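Have both open before you start.

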Amino acid sequence: MINKIIMSMASIRILSGSLEILAALLILRLNQVDKALLVNTGLAVVGPIVLLTTTTIGLIGIADKLSWGKFAWVIVGVTCIFIGILKK
């Protein structure tokens, strides 16, 4: 039987991937650069949200196995990823 945490993480990633494919098809259908940029900007918002959500679910799944020190390092790592993504 598949773990509920794993199923949740996989489902969110499948939904995210499906959204990416639908956005690509929409960009092709619109066939205009300005509208394609709007669709792409919407995807730029979704990506970090999916990363944060799946990471949070995964951390909840292993929270009982992590010490507070290791948990803090994971939070620092995720924060560094977001700073790297969002900083211009």
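## The model and its confidence

This is a predicted model, in which local features need pLDDT of at least 70, side-chain atom pairs count only at pLDDT 80 or more, and totals for chains, interfaces and linings use all residues. Residues are numbered from 1 along each chain as its sequence is written, and side-chain values use heavy atoms, leaving out hydrogens and water.

The chain has a mean pLDDT of 90, with 99% of its residues at 70 or more; pLDDT is the predictor's confidence in each residue, from 0 to 100. Among the elements of the chain, helix 1 has the highest mean pLDDT (96), while helix 3 (residues 68-86) has the lowest (85). Helices here are DSSP runs (H or I, at least four residues), numbered from the N terminus.

## Helix 1 from end to end

Helix 1 covers residues 4-30, and its 27 residues should span 39 Å at 1.5 Å a residue; the end C-alpha atoms are 38 Å apart, which agrees. The expected span is 1.5 Å times one less than the number of residues.

At the start of helix 1, a side-chain oxygen of Asn3 comes to within 2.8 Å of the backbone nitrogen of Ile5. Just after helix 1, Asn31 takes a positive phi of about 55°, although Asn31 is not a glycine. Most residues other than glycine have a negative phi. Asn31 sits in the loop between helix 1 and helix 2 (33-62) and is exposed, with a relative accessible area of 67%. Exposed means over 50% relative accessible area, buried under 20%, and partly exposed in between (1.4 Å probe, protein chains only).

## A nonpolar surface patch

Ile21, Leu22, Leu25 and Leu28 form a nonpolar patch on the surface, with about 450 Å² of accessible area together. Patch members have over 30% relative accessible area and no salt bridge, and nonpolar side chains are joined within 5 Å. Leu22, found in helix 1, counts as exposed at 54% relative accessibility.

## Helix 2 and beyond

Leu37 lies in helix 2 and counts as exposed at 53% relative accessibility. Ten residues separate Leu37 from Ile27 along the chain, and their C-alpha atoms are 8.5 Å apart.

Ala63 belongs to the loop between helix 2 and helix 3 and is partly exposed, at 39% relative accessibility. Ala63 and Ala23 are 40 residues apart along the chain, with 35 Å between their C-alpha atoms.

Conventions:
Helix = DSSP H or I, 4+ residues; strand = E, 2+ residues; numbered from the N terminus. Polar contact = N/O pair within 3.5 Å; in protein donor to acceptor, adjacent residues only side chain to side chain. Patch = residues over 30% accessible without salt bridge, like charges linked within 9 Å, V, L, I, M, F, W, Y side chains within 5 Å. Areas by Shrake-Rupley, 256 points an atom, 1.4 Å probe, with all protein chains shown as cover. Salt bridge = Lys/Arg side-chain N within 4 Å of Asp/Glu carboxyl O.
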